[in-house]
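Please read the following note with the coordinates open beside it. The points are numbered and may be checked one at a time.

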Amino acid sequence: MRSCGPKPGSALAEPFERLKSAVRFRLRLTPKGGRDAIEGWAADASGKMYLKVRVSAPPEDGKANASLTALLARELDVAKSAIRIVSGETSRLKRIEIAGNTEALAQKLQELGNRT
């Protein structure tokens, strides 16, 4: 897997989907990662983009997912209740949906995703 930001002008300029009142994106979570951090966008072998995130919490009793939700809420300046794990509750690869102003969320996701 390679790290990269979205390619301007490509068919996949945004690695997330804008819905009417939310954004949805893929995320790969690394539990027990030593620290809580968003590490940027990466592409899998098929070219599908996902946001790389690590948390220090272990993957037991929902602790890693709770840390993930808290980290995303803090970094994107949204309420924890606005964040929903749509699929992959017990998997490293998850689909996340965040309710709110799609323009503001899209801008923040682009900025967070460009971290290396």
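1. Thr30 stands opposite Arg54 in β5. The strands β3 and β5 pair in the parallel sense, over four bridges. Pairing requires at least two bridges found by DSSP between two strands; strands (E, at least two residues) and helices (H or I, at least four) are DSSP runs, numbered from the N terminus.

2. This is a predicted model: local features need pLDDT of at least 70, side-chain atom pairs count only at pLDDT 80 or more, and totals for chains, interfaces and linings use all residues. Residues are numbered from 1 along each chain as its sequence is written, and side-chain values use heavy atoms, with hydrogens and water left out.

3. β5 also pairs with β4, in the antiparallel sense and over six bridges. Met49 in β5 is the bridge partner of Ala43. These two strands, β4 and β5, form a hairpin with five residues between them, and Gly47 in the turn has a positive phi of about 90 degrees.

4. Two residues other than glycine deserve a backbone check. Lys32, in the loop between β3 and β4, has a positive phi of about 50 degrees. Asp61, in the loop between β5 and α1, has a positive phi near 55 degrees. Lys32 counts as exposed because its relative accessibility is 60%; Asp61 counts as exposed at 75%. The classes are buried under 20% relative accessible area, exposed over 50%, and partly exposed in between (1.4 Å probe, protein chains only).

5. The largest nonpolar core has 26 residues, and Phe25, Leu27, Val53, Leu72, Ile96, Ile98 and Leu109 have the most contacts inside it. Such a core is a set of buried Ala, Val, Leu, Ile, Met, Phe, Trp, Tyr and Cys residues joined through side-chain atoms within 4.5 Å. α1 gives the most to this core, with six residues. Ile98 is in contact (heavy atoms within 4.5 Å) with residues including Phe25, Leu76, Ile83 and Leu105, its neighbours within four places in sequence being left aside.

6. Which residues of α2 are buried? They are Thr102, Leu105, Ala106, Leu109, Gln110, Leu112 and Gly113. These residues lie on the same side of α2, because they cover an arc of only 165 degrees around the axis, taken from the directions from the helix axis to the C-beta atoms. The buried residues of α2 pack against β2, β3, β4, β5, α1 and β7.
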